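I set down here what I looked up in the structure shown below. The entries follow the order in which I consulted it.

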Amino acid sequence: MEKTQVVIIGGGATGAGILRDLALRGVPAVLLEKKDLANGATGRCHGLLHSGGRYVVKDADAAKECISENMILKKVAAACVHDVGGMFVHVRGDDPHYVEQWVAGCKRVGIPIKELSRDEALSLEPNLPADILKAYTCPDGHIDVFQLTLANIESAVSKGATFRAYSEVVGIEIENHRVRGVRYRDVNTGEEESLQCEIVINAAGGWAQQIAAMAGVEVPVRCDRGALLIFNHCVVKRVVNRCRKPGDADILVPCGPVCILGTSSVTVPGPENLTVPPEEVEKLLALGVELVPALAEARLLRIFTGARPLYVPKSAAGAGGREVSRNFALLDHETSEGIHGFMSIVGGKLTTYRLMAKATADLVCQKLHIDRPCMTDQVPIRDSAGAEVLKEAHKWMPAAAIEKAHRRLGSRLAMVVKAIQENPAMAEIVCECELVTRSELELVFGNSARVPVQTIGDVGRRTRLGFGPCQGTFCGYKAMLMGYRNNKWSAARASQLMATYLDDRWKGQSWVPDGKQAEQLNLSQELFGTSYNFHKRSEVSHEG
Amino acid sequence: MRGDELDILVIGEGLSGLTAAATACEHASRLMLASKGPGTFALGTACVDVDGLDACAPGLGANEVGKAIAFFVELTSAAGCAYEGGMRERRLVPTIMGTFAEVSLAPRPLWKGDPRGVNKAVVVGIENVFAFDANFVAEQLSVHSKNMGLPTSYRGVVVKLPQSQHQDWLTPLEIAIEIDRNPLYGQALITALKPVAQGADLLIIPGVLGLNFGDDEIRRFEDAVGCAICELATLPPSVPGLRLLRRLESHLAAMGGEICTGFSVQTLCMNGDRCTGVVLDTPGKPRTVHADSVILASGKFSRLLEDHTAGEKDASGRTRRVNGELQPVNSEGVVMATNIFECGSILGKFESRHGNAMAIVSGYQAGMLAYQRGVQYARQ
């Protein structure tokens, strides 16, 4: 039977971060994820690298963690972070008293802010309302959530760790109050496997309760659903926050070619089958327009939703979603329930994923009597390509495509450039929005991919293909053919995957109120439904 | 540019606008077709499914549908981009997903793709044309034809074409343009296809034959290769749809119509219950065009009439109401403009497979009505 030392459950940023932290300390580990990486809250958030400003008034501890992690991630995860900066804006009508508290809070916590005159603020961000009262800069940023998770896993895998996607844990084996291993199911084949280990880490986010229950343990996690709106271009250059008590739709984050407005806060029973009612979209949109009026004219591409897995200890059970602390908790089930080798890491937020991983790995090392320090605040998460490679790349690829590919691939950009040198046709841009070349797709599907793909959506999570205005109508088809050509899947399987992919891409667009994206959605459905007589839209479709 | 006083102005260059313009053009001396750009039909396979249309669009008798379809078949034939099929016909045409779509009419190069009566078909891909895979299409077509109990076998083959001078990869559209520009390139394709055609009943190729290819050119090409050829519509921009659009445009121009594409209509000029003309968003100075009758074929996403309806949208927000004369009416049934005739997919709810058929039928009717009404007004 297969053996390892540590099994991590959940392929979000936290699980991926733990896998890498342990790998850097030389501790063998396997990460099991029931779908693909970043399937839960990680892949369904703004991607905001908090400066901590949002929490200074209510939750100074969370704010302190944020600013310290913010500084570290900008250094070690530079490839996955866009250091665009942020701005807090006091909009007319909002409580001036809160602004005072906020400024004092930033000072106390140590968040570097700078007050701007109205003219300065408007010259930096012309799309803000002309009558804003005050504005401050802060060190917010944007995290490419898929790249962050991928980079952590790739780095861990290159050091001997194992990542298994589409592997759903179905049981935790416990003997004499001691963890012996886990049983998991290969989602594609349905076969069950066993994996022996000494320690099991529950990093399943919104699914943490279900995992804990397999060991007979209760973990108080509450799922708090938030909806986010994606617009087809960046109406702001930096992260724009509304300077008031945290509420709905008060953060707008520029994410590469698009920008994301969010979010809402609704308690839900679980992390799956989430939907966004039209009233909620209307409300978010109206609030967003108050903050950035230009959003009224922007093209809304897609709406997505995810559940924040909030840690709600019994003492805080009555609090609303926004009042629950964003602090994380590392629950050692040995001390609380007497199960040796089982722990849960819950709560927290994307910005503090590294700190959560460090705390977890520290506890693992303590239990295994391994005395090695955490390295994740020092070692860059992704290396970069040499100057020679970049110079060569400029002979073949557009500069913007090189910049994006370099962030995604690091030193492996060399492989992409080499393939193009051998066959210049490989420089063809397959996804026009994210400038993904055919050569990069070959790498994603090839044997040297460190984290293999199994679906067309997986390709998007590696390359951002299909995330732009066409929403995969054209590039998704090309990615499907690429998988077929690389013997990744048969023609029948490719067709099946295409249908699932279209359902997923159509779902997020169908929540968009009647607007400019409706034409694109209609085109996609007419082509694949009527013209190609391939796949008609169905009302019920959930990716989970 | 001719005068800006027209008998009939058609807005929209989709299938319905083109049909309406061609219908009206036979009678109107001064007709203009104005559009922002090609309609969606040029992006898909441009096939027409008439089956069951009269049943789901009450008020449309088989007679009316038949007349419109017959007109369209004649029109495309005269324009050199003939459609095959008819109201009572059913054919299976292959697609780039390796499926078959059942249709009533299709452009001739696609119509030939029906598997019935074909034993050996070869799907041909072209090296470095990324968005088409012959083996994928062949594998899936085999599965589907087998499921229907047909004996047709499909084989995928990839041939090589000389590199494009402009870039290192090829797209179907660029190949088509190159074939138009350089006869040797077309010859190279013939040379590549000839050995593949040995022993085959049918070659299925991505849409790459020249944009300027009419029925005669395609026939000559087939003769040179020595095998029947079925051309598939690839991902947009795909050649068969664009070719059709070009042919219909030139045909319309030859009939005396003026084509003004690339500029969207800013506003409709209204005077009481009549539309006196439109303002086109031409660069520098907007162009005002006056017309006796206006055919509105601007598609289901058009918001042109919205300014004048003042919230008269129905619950779906889309399906606009027209009366039996195809005139737009408000929620009380009052005609909003007596000389506007609407056509295309805005007329009511129907199955999306009927979209192109609806466009042809309503376009034909709108063209007739606009002409007849125009005559009436002239007499008054």
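Which residue is the bridge partner of V200(A) in β22(A)? I find that F342(A) is the bridge partner of V200(A).

**Entry 1. Conventions.** I note that this is a predicted model, in which local features need pLDDT of at least 70, side-chain atom pairs count only at pLDDT 80 or more, and totals for chains, interfaces and linings use all residues. Residues are numbered from 1 along each chain as its sequence is written, chains are lettered from A and ligands numbered from 1 in the order in which they are written, and side-chain values use heavy atoms, with hydrogens and water left out.

**Entry 2. The sheet of chain A.** I took helices (H or I, at least four residues) and strands (E, at least two) as DSSP runs, numbered from the N terminus. Two strands pair if DSSP finds at least two bridges between them. I traced an open sheet of 6 strands in chain A, with the order β10-β3-β2-β14-β22-β21 and mixed pairing. β10 (162-164) and β21 (328-332) of chain A are the edges; each has a single partner strand, so one side of each lacks a neighbour in the sheet. From one strand to the next, the twist averages 15°. For angles, axes are lines fitted to C-alpha atoms, for helices over the stretch in contact, and the values run from 0 to 180 degrees between N-to-C directions.

I then looked at β14 (residues 199-202) and β22 (residues 342-347) of chain A, which pair in the parallel sense over 3 bridges. Helix α1 (residues 13-24) of chain A packs on this sheet and touches β2 (6-9), β3 (29-32), β10, β14 and β22 of chain A. The direction of α1 makes about 170° with that of β3(A). Contact here means heavy atoms within 4.5 Å.

**Entry 3. Aromatic pairs.** I counted rings of Phe, Tyr and Trp (its six-membered ring) as a pair if their centres lie within 6.5 Å; planes under 30 degrees apart are stacked, over 60 edge-to-face, and the rest tilted. Over all chains, the structure holds 11 aromatic pairs. The ring centres of W102(A) and Y136(A) are 5.3 Å apart with planes at 55°, so I record the pair as tilted. The pair links distant parts of the chain, with W102(A) in helix α3 (residues 96-109) of chain A and Y136(A) in strand β8 (residues 134-138) of chain A, 34 residues apart.

Are these two residues buried or exposed? Buried means under 20% relative accessible area, exposed over 50%, and partly exposed in between (1.4 Å probe, protein chains only). W102(A) is buried at 0% relative accessibility, and Y136(A) is buried at 5%.

**Entry 4. The hairpin of chain B.** I found β4 (residues 91-94) and β5 (residues 100-103) of chain B paired in the antiparallel sense over 4 bridges. P94(B) stands opposite F100(B) in β5(B). The two strands form a hairpin with 5 residues between them, and G98(B) in the turn has a positive phi of about 75°. F100(B) is buried, with a relative accessible area of 7%.

**Entry 5. The sheet of chain B.** I traced an open sheet of 4 strands in chain B, in the order β8-β7-β9-β10 with parallel pairing. β8 and β10 (228-232) of chain B are the edge strands, each pairing on one side only. The twist averages 25° from one strand to the next. β7 (residues 120-126) of chain B and β8(B) pair in the parallel sense over 7 bridges, with V157(B) in β8(B) as the bridge partner of V124(B).

Helix α5 (residues 134-147) of chain B lies across β7, β8, β9 (202-206) and β10 of chain B, at about 175° to β8(B). Q140(B) has its place in α5 of chain B and is buried, with a relative accessible area of 6%. What does Q140(B) contact, leaving aside its neighbours within four places in sequence? I list A491(A), A492(A), S495(A), M97(B) and G98(B).
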